[in-house]
Structure formats: C-alpha cells, structure tokens
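User: I am new to this structure and would like to learn how to read it. Please take me through it feature by feature.

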Amino acid sequence: MEESRFCKICNKEQAKYTCPRCNLGYCGLSCYRHKEHSDCSEAFYKECCMEALEDQDVSSEEKQKMLEMLDRLEKEEVQNSDSNSDEGEELSERLSGLNLDTDSEKIWNRLTSKEQAQFNQMMKDGRLGNLVEVWTPWWDVKKVKIRDVDSEKLDDKTPDVLSKIPDISKLLTKSKPSADIRNNLVNVLFAYVFVCRLYNGTHWDCPRESALKLVKGSDVLSKNSVCSSTSEAIQLGLTNSECKQSQVFLIELVSDVTKILRGPGRGEELKFVMAALSEILQLLKKCHTLYKKDIKVSSASSTDDREEKQLLFLAIKKLEFYLGWSQKCGMILHSVIPELRLEHGRLKEEFQETIQVKKSIERNLSQLRPPREDSKLIEELS
C-alpha cells in the first residue's frame, strides 16, 4: 500500500476520508478529532453551533433553551470545582444584552473554552436535540380518560371557535352538499396536523410559511381535488410533495386526524373539528393580510406573490364553506372514524412488512458478497 494512502494522523490505517478544510487524509472520527487536527475539527463544530443559533426555523425559545442547558452545565462544573476563575461568572450575565437571533458570533465568543467544548460534545452525542421539548397537540388527550379531563384546562389549549360562521343553508340554496365533503375535510385536516407537528406547535410564529405549507400540502385546497373515499384523502396527503417526512411521522398523522374528528366527548363531539377549522381559517387570513400589505407597499411584487395571494383567497373561501357545513352536518364526520382507524392499521402493517423485506434483502446481499480475499485479488488484478 502506498504511503500517501495512510492516515496522516495515526500513520497506521488507510486514509478513507479527506478533510474538506485542509485536504488531510484520515482514517476515522477519532483521528479527525485528534489534537493535531483540532484547528479544523473545532472550527467545524463552531460552524455547526453558529448554524444552530442562526437557523431561522428554530424559535428564540428553543435557542434560549440551548443556552440554558449550557448555563446548567456550567453551574454543575462550578459546584464540582474549587476554581474561582472568571469561568465561574454566570452565563446569563455574560450574554446580557445580546440578541439570540442575530448575535450568534458574539454569543460564541462569550462562551468559555469549557462551555464551547461542552456545546460541541452535546452536538456529537445528540443532547442538543433533547433541549427542544416536543410539543403536545391540543387534540391529544389519549393519556387520560376523557371524563377526567379538566374542561377549563382543555379549553385553554384548544383554539377558539370562530363566532361568525356562514350559514350553509344560505350558501347552498338550490343544491345539497356533496357526500364527498367529509373526505375532503379529512385531506384538509391531514395537512393541518402535518403543519402543526412540523413546526412543533410554533406555526403562528411564521404564519406565512406555515399557511402556504398547509394550503399546498392539501390537494383539496391547492388543486381543487375531490376525494371519493377516506383512503384517497389520506393517500393524497401521504404523496403530496409538500409533506416530505419519514413514513412513521406521516402514518401517525392519520391517528391525529382521527382524534380531531372524535373530539373530546361530553356532548362536544364537534368541538375539535370546529376548533381546527377555525384555526386554519385564521392562519390563512393572517397570511393573506401579509401578502396584501407586501403587494401594496411594493409595486415590484412578483407574479408568484400574486398567485399565492389568490391561492390563499380561494382556500379561505373553501374553509368558510367547510366551517358552515361542519356546524350543520358535522356529525356525519364520525362515520369516517372507523375507516381512518382501518387505514392507520393498514399503513402501519404495510410499513412493517416493508422493513422486514428490506432486512431480508440486506441479509441476502451480505451473503452474496464475495469473500474478502477474493476482493483483494480482484483489486490487485484491476
């Protein structure tokens, strides 16, 4: 083996990787982190820290939690140490006056070397992900019995139902509502729970992005699709290009939709449906207002902005219709709950079968691979 192919850190193993900063060949993670290569590795983790603090999709509250974790780690170190150095100064005092959204470089520079090392370690072992508390949806009351739920506490979390809802009988004076409306609503609610989960309950912090994601994530709202069955409504959500997440994540959204349709019980079976549709409508109106202001202020507004504004307007009209329909005919939605449960079970079963097939293929491939000595011989001959 040529000398140039050896790891430049340990000089023992083959250099399988190359550092993108200094083009140094190294064999693995331990050598990459070696003190001889610390200038590059520490710079890499610092950039990761900066990106985490500058990430526009991370709320100020989540960034604050990152810093609070560092503060707790620092206090633990101070309690276990007899040192009276400047590192014992409260992190909150050193970061006083800094903006968590814009002063990420200053924040990093005010951390002690020990805190920076701790932050880097937290990124390596995944503890940073645990700093962000997973949002509990307002419709998720599965962990307690419905009759034991405090009505006032439930109302605190549940979005308000709009007081002014169109009368469906005035909207449909000469025809009856289509039987497919219940399926269309399932598709809309699927996009709603997707956005709520995706933004971890902070969708109101970015109304423009979340509203557009919701509308485009529903084929009923964005493409005027009509769902002839509950299964079709779910499949349209699962295959929508805006709803790109893991299969496990998407399958559990079916359970979320079921819980909204089921409601909290106690004679309030439509409460969750009306609350969800009300929040969707308010979110879309908020986004539509932002577009109107932007277009009014800027004469050079893009064609895309105007098209998205029109898309929102049409979606708002549909939501107003669905709210009116749900108020008068919403109990029909309970008929799709058994279908949704069957669909959820079927999707989970298909996913498990896919996993088993994948494992079987991987086992067979490993058995078909040529022995190691043959591989070396082939490499030498080539």
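User: How many helices and strands does the secondary structure of the protein chain come to?

Analyst: Helices (H or I, at least four residues) and strands (E, at least two) are DSSP runs, numbered from the N terminus. In this chain the secondary structure comes to 18 helices and 2 strands. This is a predicted model, in which local features need pLDDT of at least 70 and side-chain atom pairs count only at pLDDT 80 or more, while totals for chains, interfaces and linings use all residues. Residues are numbered from 1 along each chain as its sequence is written, and side-chain values use heavy atoms, with hydrogens and water left out.

User: What is the mean pLDDT of the protein chain, and where does pLDDT stay under 50?

Analyst: pLDDT is the predictor's confidence in each residue, from 0 to 100. The chain has a mean of 80, and 73% of its residues reach 70 or more. Over residues 82–88 pLDDT stays under 50, and the model has 8 contacts for them beyond four places in sequence; contact means heavy atoms within 4.5 Å. Residues 143–148 also have pLDDT under 50, with 5 contacts beyond four places in sequence.

User: What share of the residues count as buried?

Analyst: Buried means under 20% relative accessible area, exposed over 50%, and partly exposed in between (1.4 Å probe, protein chains only). Of the 382 residues of the protein chain, 40% count as buried. As for the contacts with a separation of 6 or more, 67% come from residues 24 or more positions apart.

User: How does the span of helix α14 compare with the one expected at 1.5 Å a residue?

Analyst: The expected span of a helix is 1.5 Å times one less than its number of residues. Helix α14 (residues 247–262) has 16 residues and reaches 24 Å from its first C-alpha to its last, close to the expected 22 Å. Its buried residues include L250, I251, L253 and V254. After α14 comes G263, with a positive phi near 80°.

User: Which residues other than glycine have a positive phi, and are they buried or exposed?

Analyst: N11 is one of them, with phi near 55°. N11 lies in the segment before β1 and is exposed because its relative accessible area is 54%. N200 is another, with a positive phi of about 55°. N200 sits in the loop between α10 (181–198) and α11 (207–217), and it counts as buried because its relative accessibility is 19%.

User: How are two packed helices such as α10 and α11 described?

Analyst: Two packed helices are described by the angle between their axes and the distance between the axes. Axes are lines fitted to C-alpha atoms, for helices over the stretch in contact, and angles run from 0 to 180 degrees between N-to-C directions. The axes of α10 and α11 come within 8 Å and cross at roughly 145°. A crossing is left-handed if the near helix is turned anticlockwise from the far one by less than a right angle, and right-handed if clockwise; α10 passes α11 in a right-handed crossing. Among the residues that meet are A191, Y192 and F194 in α10, with S210, K213 and L214 in α11.

User: Which residues does K216 contact, leaving aside its neighbours within four places in sequence?

Analyst: K216 is found in helix α11 and is in contact with S222, N240, E242, E308 and L311. K216 counts as partly exposed because its relative accessibility is 28%. K216 and A315 are 99 residues apart in sequence, with 9.9 Å between their C-alpha atoms.

User: Is W325 buried or exposed, and what does W325 touch?

Analyst: W325 is placed in helix α16 (residues 303–329) and is buried, because its relative accessible area is 3%. Not counting residues up to four places away in sequence, W325 touches I168, P177, I181, R182, L185, G330, I332 and L333. W325 and P177 are 148 residues apart along the chain, and their C-alpha atoms are separated by 8.1 Å.

User: Where does UniProt place the feature "domain: HIT-type"?

Analyst: UniProt positions are given in the numbering used here, feature names are shortened, and annotations may be inferred rather than shown by experiment. The UniProt record, an unreviewed entry, places "domain: HIT-type" at residues 7–40. That span is 21% helix and 12% strand, and its end C-alpha atoms lie 16 Å apart.
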